Amino acid sequence: MSKSFVVIRFILSLVLLLSFQAGANPVNESDPYEKINRSIFSFNQTLDDYLLKPVAKFYVAVTPDPVERGISNLFSNLKEITNASNNLLQGKVSQASVDLGRFTLNSTIGVAGLFDVASSLGLKKTEGEDFGQTLGKWGVPAGPYIMLPFMGPTTLRDAPARFVDDITDPIDYIDDDSHKMATTGLSVVSMRAALLNYDNMLSGDSYSLIRDVYLQKRAYEVNDGAVDDEFDDLEDY
């Protein structure tokens, strides 16, 4: 990724965060920007309904299951570097060693990660880690909930943390821009295809459901399964 592109992304994110700050609504403590968030959520839903979901359905329809599974394994394998880096930053040395072991085995014997041979050999995938979780481990509060265009739900802590994770993303080091865009696009489609079975679970106020589940999930991930009492009422979802 070129330095100019990184700077543009950072400035865009900063502008978005400042616009959220200007439109704060104190009614919901965890979601003070709900009005703006709902507008962006509606935009994202429209984009998903008319572009991403149809492409994902077509991808599933024309891609043989073994190939689809292999592509999913490949992108999952690339994330092991980010997992290992953040596990190390959190002091989880044993988990980081598992991440690196999985990456080494799957990248070699597993043919660039197309096959998850590491799991077959007893190296099961650890909990995914990112820099937002690392900041949470260091005591940085999540801050308000934010819905970003194209990128979806996040928080004030997690949004800029994504730029740090980019440093350990192998896709960002592809020199050819067209190849990088194609690889990124395939990654997004593969991830969306994996979520198709969950589409029917969204009903009623899908914005509130996605927000509450996301915040509960992030609290679970940061605390390694120890969820605060304030999220107990979400068990009904």
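**View 1. Helices α3 and α4 run roughly antiparallel to each other**. In this predicted model, α3 (residues 65-89) packs against α4 (residues 93-108) at about 160 degrees, with the axes 8 Å apart. That angle is why the pair counts as roughly antiparallel (the label for angles over 145 degrees). Axes here are lines fitted to C-alpha atoms over the stretch in contact, with angles from 0 to 180 degrees between N-to-C directions; helices are DSSP runs of H or I with at least four residues, strands are E runs with at least two, and both are numbered from the N terminus.

**View 2. A look into the contact of α3 with α4**. On the α3 side you'll find Ile81, Ala84 and Leu88 among them, and α4 brings in residues including Leu100, Arg102 and Phe103 (contact means heavy atoms within 4.5 Å).

**View 3. The hairpin of β1 and β2**. Strands β1 (residues 145-148) and β2 (residues 152-155) pair antiparallel over four bridges (pairing takes at least two DSSP bridges). Leucine 148 has glycine 152 as its bridge partner in β2. Three residues sit between the strands, and phenylalanine 150 has a positive phi near 70 degrees.

**Notes for the views.** Residues are numbered from 1 along each chain as its sequence is written, and side-chain values use heavy atoms, leaving out hydrogens and water. Local features need pLDDT of at least 70, side-chain atom pairs count only at pLDDT 80 or more, and totals for chains, interfaces and linings use all residues.

Note on methods:
Parallel < 35°, antiparallel > 145°, perpendicular 65-115°, else oblique.
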